[in-house]
Amino acid sequence: MNLKTARRHPPVTPPVRPAGLWRRTLDAGARLLQTATPLKNFDVYVVGFHCAKGRPDEQMEAHHYCRIVGEDMLQCALFDGNTADANLIGVEYIVSEALFEEFPQAEKDYWHPHNFEILSGQLVAPGLPDTAEKALMKLLINSYGKTWHTWHTGRQEGEPGMELPYGDPKLMWSFNREGECDPALARRRDEAMAIDTRSKAAHRQDFLALTHPQHGVDAMATDFPAATPVPGVTDADRSR
């Protein structure tokens with residue numbers, strides 16, 4: 001993460017005791033004798049918004065730290081902020097269109113489309129120069145994500161969430177039309193991180209020629225009846 005990236009603190013602090021004993025144990029030698037090899041390449045940082053599938057009011061900001069597995073997959077750890085005290089809230093697997101199309105039909109229902117997030121400017125890579133960020137977003141065009149949140153901690157400047165990771169994991173979904181993401185949620189993120197979503201959206205309109213109809217675009221259409229479709233974001237079932 002670029003050092004100039006705005007700090008986004010988590011919305012909740014778990015009601016747990018300070019890590020005194022844990023810290024002393026680590027200081028006694030574990031940091032020198034152990035490695036965190038699986039975590040070293042989680043260095044692609046993007047921020048977007050998630051909504052629980054079938055629960056349109058359950059929305060939150062999600063900070064993704066991703067590892068590139070290959071041309072067809074990224075694996076991401078999800079946090080509710082980008083500071084040292086951020087809470088781990090879930091995971092997301094991102095796959096290419098080519099890999100997604102190999103899935104059984106029943107499996108596809110777990111994967112949300114990404115084209116609206118990219119074309120709308122909602123998905124951003126804080127700290128990257130515009131040209132590098134645009135190159136990254138181009139690679140994600142037509143991709144899909146499978147996201148599970150294990151902890152809904154709420155919004156940085158909105159209603160509080162759970163103080164601990166209670167309950168079942170929730171399958172999360174993407175926004176696919178203008179007006180689905182709560183404007184206040186998006187505005188607060190943009191203001192805090194100095195993000196110009198409209199400018200990013202305009203800068204990415206040349207991606208329209210690359211977009212394909214995607215599965216899952218209409219999965220929550222009835223949950224957001226007043227939302228407005230945008231060019232380049234079409235449900236694959238509707239396009240047949």
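Two strands pair if DSSP finds at least two bridges between them. This report applies that rule to a predicted model.

**Strand 1 and its partners**

Strand 1 covers residues 44-52. Strand 2 covers residues 55-70. These two strands pair in the antiparallel sense, over 9 bridges. Their hairpin has 2 residues between the strands. Gly54 in this hairpin takes a positive phi near 85 degrees.

Strand 1 also pairs with strand 7, residues 170-173. The sense is antiparallel again, and here the pairing runs over 2 bridges.

In strand 7, Cys51 stands opposite Trp173.

**Which way do the side chains point?**

In a regular strand the side chains alternate between the two faces of the sheet. Val44, Val46, Gly48, His50 and Ala52 point one way. Tyr45, Val47, Phe49 and Cys51 point the other way.

Is strand 1 mostly covered or mostly uncovered? Strand 1 is mostly covered, with 9 of its 9 residues buried. Both sets of residues, those pointing one way and those pointing the other, are buried.

**The cysteines**

How many disulfides does the structure hold? The structure holds 1 disulfide. This bond joins Cys66 to Cys76, with an S to S distance of 2.1 Å. Cys66 lies in strand 2, and Cys76 lies in strand 3, residues 73-79. The pair therefore ties together parts that are 10 residues apart in sequence. The torsion about the S-S bond of Cys66 and Cys76 is about 105 degrees, so the disulfide is right-handed.

Cys181 is in no disulfide either. For Cys181, the nearest cysteine sulfur is that of Cys51.

Buried means under 20% relative accessible area.

| Residue | Relative accessible area | State |
|---|---|---|
| Cys51 | 0% | buried |
| Cys66 | 1% | buried |
| Cys76 | 4% | buried |
| Cys181 | 7% | buried |

Cys66 and Cys76, the joined pair, are buried at 1% and 4%. Cys51 is buried too, at 0%, and so is Cys181, at 7%.

Terms used:
Residues are numbered from 1 along each chain as its sequence is written. This is a predicted model: local features need pLDDT of at least 70, side-chain atom pairs count only at pLDDT 80 or more; totals for chains, interfaces and linings use all residues. Side-chain values use heavy atoms; hydrogens and water are left out. Buried means under 20% relative accessible area, exposed over 50%, partly exposed in between (1.4 Å probe, protein chains only). Helices (H or I, at least four residues) and strands (E, at least two) are DSSP runs, numbered from the N terminus. A disulfide is a pair of cysteine sulfur atoms within 2.5 Å.
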